[in-house]
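Hi everyone, thanks for making time. Could you bring up the sequence and the model on your screens while I talk?

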Amino acid sequence: MTVLMMFAACYGVWQLTMLASATRTVRMPLLILGVVTGLYGAGMLALGLQLAYTRGVAALTGDSVAEIVRTASYTTDPLIEELAKVAPFALLALLHRKVRAQWGLTDFLLLGAASGAGFALVEQLLRHAGEAANAGAGGPVQGWTIMRGFSFLQVWGLPDLLTSWLPTPVSYLDAFGTDTPSPDTNLHLVWSALAGLGLGLLIRGSALQRLAGAALIVFPWLDHAAFNHDVVNPEEGGFIGVVAGPLAFLRHALWLYPLIALGAATFLDRRTLLAAKRAWPDTLTEPERAGRPAFAALSGFAFAGLPWTPYPAWVYVLTRRAALYGHGRTGEDDPMRRAVAEATTALDESRSAEAWRGAGLRRRAGVTPPRGLKAYLPLLLWLVLLVPAVLYFLPGGLPTFSGVQELLGSSFVFPLVMAGAVAGLIWLGWQLVVIVRRLRPLLAVPAAYGAVTAELRLLTGLGSLTAAASSLLLGLAAGGSADRPILPAHILDAISNTLFIASLLLAMLAMVWFPPFGMAALAGGGFEIVMTAAAGKFLATLGAAGAMAILAMMMGGSGSGGRGDDYWEEKYGQDDPPPRRERISDANKAELEDSGWLKNKIKDPQTRRDFMKWLEQGHKQGEAHEHLRPGSPEAEAKLAEFLAEML
């Protein structure tokens, strides 16, 4: 059941993402990370704020917590939840000028929708992940039903989900209803998509557009409050009671809200992109400058070296859009613009099929795996720590194997689960330290994508770490695996309906996103960071991952990239651009480590030494290798690969 809930949450985000392909810059891995951010980051933030508010008011007024929670559920709690869901992206935009410049309105909308989907998912998982034993007969096709008196909740099967628009993970249905049931629209996803667009308008829009942005942030709060009011206390008047009726009527078109918002965002973003292309012709390929549409112009490259070129071509499109969104917000010498201009030149040079023949791509695409059992110990430890959470939510989430959940909560096995959770907390803490240590070089990269990915993983880790530690402390105080971790609070009042073991293992499931740093690509972030981690040569770094090794050589052979004669002397202390490829003696390893180029890229001396040791590991294994010249494309690519593995 839990797998279908997770699929439903991500499927709605995917639907919006496909419709937004004409103007978005964010990629699906980052949006999935946005779902996880909504689950762990926004969920924990909302829970903490709601607990502080309800317990604080109870202490000050002497009123019962139950009554305060009931009133807050349709007054302050909707406001807290709606703000918490977009808070991570608002924080990123406030902290980083690059984010404000490189994200379009479509990106803000999609990231808001992803966070809302994750927030809805944590509701349903906390409420129902431990109820597999109560589900009736079913399966992945027909779904599962859990009866609740004269109503029932439905976990939808794959056919229903695939044929629905923005489906919710779980629906609550009337047992005596006459309509043919179908998945409801995901409320949190819709509300957060609108709020995400509102945030984008506040950051990127004109004065009038900022007013519309403020309205788009207020509307989800009011609609959320009205929805909760109708559930909790429909007879009470007041402002929420007055607006509840009209908003309930408008909610019949809930499915249409994201389409209208996406249409508006696409129109405004398209206008920005067209203006930027006219102002920055050096970011256009030769066919585009000759008048061909962008799709037709880039298709020549996308199909020039099948199967290697379609994905890099798509990455180029998304990255170029990110640079173009900076038009009017950055100067003529913006590093992101220069990077795209250089990549465009390289793209023109590699558009023909002849450029991809005999290049040895199959050999270059291989990444030498680590050797020896010792190298795999961190991976094995990570997999072992994940076992309880995976067993509880995957096979244990199926009615047929619901006994797995009972076994994990038994008095014999639960102490082992607790010990594993403590070890998992230590693992999470260490991985957060690793991310913090590797964050500074990513912040220096022109593209915001790598740093944003790392920071969202950091936020996700902090949220899951807090959730796991809180569950451990509160669950132990409550008395055991079958107790509730905390008293009722409205973070979806779902937290009051979950078992201690379910909340604990849900927090530990976040370790999926924190594999050993050498296996970072499994978390969805490593490969993406490699693709944007070299300043001025972001496409060349794809060679480290295999698919663009030849383009890296082409870019290395394109001269100085149009820079002035004094550029290389100022940056690297030499008159000419670094050679593309030069085999030099081992004595030059000290030159690389102490070079101004590497010190500029990596401020921490220990990290520079780690990079040199990482390079030497391949040498000792007898691999074919080249000694790197500071500032060369090969050095840029190797550094990007190293930083990706460390995350």
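Helices here are DSSP runs of H or I with at least four residues, strands are runs of E with at least two, and both are numbered from the N terminus. Please keep in mind that this is a predicted model, where local features need pLDDT of at least 70, side-chain atom pairs count only at pLDDT 80 or more, and totals for chains, interfaces and linings use all residues. Residues are numbered from 1 along each chain as its sequence is written, and side-chain values use heavy atoms, with hydrogens and water left out.

Let's begin with the rings. Phe, Tyr and Trp rings (the six-membered one for Trp) pair if their centres lie within 6.5 Å; planes under 30 degrees apart are stacked, over 60 edge-to-face, and the rest tilted. The structure holds six such aromatic pairs. One of them is Tyr11 with Trp14, stacked at 5.9 Å centre to centre with 15° between the planes. Both residues belong to helix 1 (residues 2-19), three residues apart, about one turn of the helix. In general, an α-helix has 3.6 residues a turn, so residues three or four places apart point the same way.

How accessible is Tyr11? I call a residue buried under 20% relative accessible area, exposed over 50%, and partly exposed in between, with a 1.4 Å probe and protein chains only. Tyr11, at 12%, counts as buried, while Trp14, at 40%, is partly exposed.

Now a second pair: Trp191 and Phe227 have ring centres 6.3 Å apart and planes at 70°, so this one is edge-to-face. Trp191 sits in helix 8 (residues 187-204) and Phe227 in helix 9 (residues 207-232), so the pair ties together parts 36 residues apart in sequence. Trp191 is buried at 1%, and Phe227 is partly exposed at 29%.

Rings can also meet charges, counted when NZ of Lys or CZ of Arg is within 6 Å of the ring centre and within 35 degrees of the ring normal. The charged end of Arg27 sits over the ring of Tyr449, 4.1 Å from its centre. Arg457 lies over the face of Phe514, 5.4 Å from the ring centre.

Last stop, Ser171, in strand 3 (residues 170-174). Ser171 is buried, with a relative accessible area of 0%.

That's my tour, and I'm happy to take questions!
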